[in-house]
Amino acid sequence: MKVLLLRPQAKSRDISRVMPLGLLAVGSVLKRAGHAIHILDLRISQYPETELKNALLEFNPDVVGIGLMTVESDFAFDLAKQVKSIRNDATLVFGGPHCAHDPKYILHDPNVDLMVIGEGELTIIDLLEALEKKRDLNSVKGIAFKKGGDYIKTQPREKILDLDSLSQEYDLLDVARYFNFDCSHEYLPATRRFMPLTTSRGCPFTCIYCHDIFGKDIRYVSPEVMLKEMKFLQDTYGVNEFHILDDSFNIDMKRAKKIFDLIVERGMNVKISFPNGVRADYIDDEMVEKMRSAGVYRIALGIESGSLRIQKMISKSLDIKILKDVVRKLTQANISVNGFFMLGFPGETREEMEQTIRFACEL
């Protein structure tokens, strides 16, 4: 089948314009399964309406998939309407983090035919086979759809355990286009030629505000496969900076240290940033030194609140008394540190918010 994968246009400069890893992952498995794939990232397009129309008419897809986060959901619904106005016969599928939401909320839109819930690589293969063979969609795990006026949500799909098997087909994208963009607040690269990477999925903690898309069991890309991908990107595209976007990169401290050791042993001479944040309570002196040696230059810490009551209420499970020491050691290793904080939890007082602000300033 012909599948067009879309990322919605960014109408705000605050939305980062880095490579769409989710669409790339889905497109890669579809390509290896023999489907014809075209990825169109409207977030980096100068002429999004023209590019979209050309892709729909020239590529003539059977299925159009739109990957979206909640922050861009309005843009995605507008995009679905545009797609259907040009190719009403194409099956339109939503996927991505926003689809962890109630299916009724998303599928009420008349332009959305189906949605993939959770990890999409295995689900999309099964879904396309069902569509191609006109099989009952109830047999496809991990989706939701409309049928006879009802909203059907099928059984959840099992988590993908072997992340090493999910290699990326970077030729599906014009990689060079991502070396020219306006930085957002989350990405402050040291160089233009940088690439985002995810090397694990899942997180065992129970913070009440978290998306929890990948579940509570962590699954990892092996250090050897991660280094192989970094070397490929370095040799093929001249990438010498990597931004690791894992939710829980350093919880397996042994693995994290091995990755840093391998970078040093292979003389890769790269810069590494953790803009998505890491756990401050899984950083020891040895980790700091290995980070420094491997080229880590910036790191974010998920702190959230300077109030012990709020920390307990949100189930953060972080001893904030360790933070000053961790920040000092990272800073002494010439690693720039920033922190993520939240204000306005239900029931949080003005005094507790001021306590968080004072704590952030002290750090």
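Trainee: What ground rules apply here?
Mentor: Residues are numbered from 1 along each chain as its sequence is written, and side-chain values use heavy atoms, leaving out hydrogens and water. In this predicted model local features need pLDDT of at least 70, side-chain atom pairs count only at pLDDT 80 or more, and totals for chains, interfaces and linings use all residues.

Trainee: Which residue of β4 is the bridge partner of Ile66?
Mentor: Strands pair if DSSP finds at least two bridges between them. β3 (residues 63-67) and β4 run parallel, joined by five bridges. In β4, the partner of Ile66 is Phe94.

Trainee: Is α1 oblique or roughly parallel to α5?
Mentor: Axes are lines fitted to C-alpha atoms, for helices over the stretch in contact, and angles run from 0 to 180 degrees between N-to-C directions. α1 (residues 21-32) and α5 (residues 121-132) pack at about 50°, with axes 9 Å apart. Angles under 35 degrees count as roughly parallel, over 145 as roughly antiparallel, 65 to 115 as roughly perpendicular and the rest as oblique. So α1 is oblique to α5.

Trainee: Which residues does Arg292 contact, leaving aside neighbours within four places in sequence?
Mentor: Arg292 is in helix α8 (residues 285-294). Arg292 is partly exposed, at 39% relative accessible area. With contact meaning heavy atoms within 4.5 Å, the residues are Ala333 and Ile335.

Trainee: What is phi of Lys134 near?
Mentor: Most residues other than glycine have a negative phi. Lys134 sits in the loop between α5 and β6 (143-147). Lys134 is exposed, with a relative accessible area of 75%. Its phi is positive, near 55°.

Trainee: Where does Asn269 lie?
Mentor: Phi of Asn269 is positive, near 50°. Asn269 is exposed, at 69% relative accessible area. Its place is the loop between α7 (253-265) and β12 (271-278).

Note on methods
Helices (H or I, at least four residues) and strands (E, at least two) are DSSP runs, numbered from the N terminus. Buried means under 20% relative accessible area, exposed over 50%, partly exposed in between (1.4 Å probe, protein chains only).
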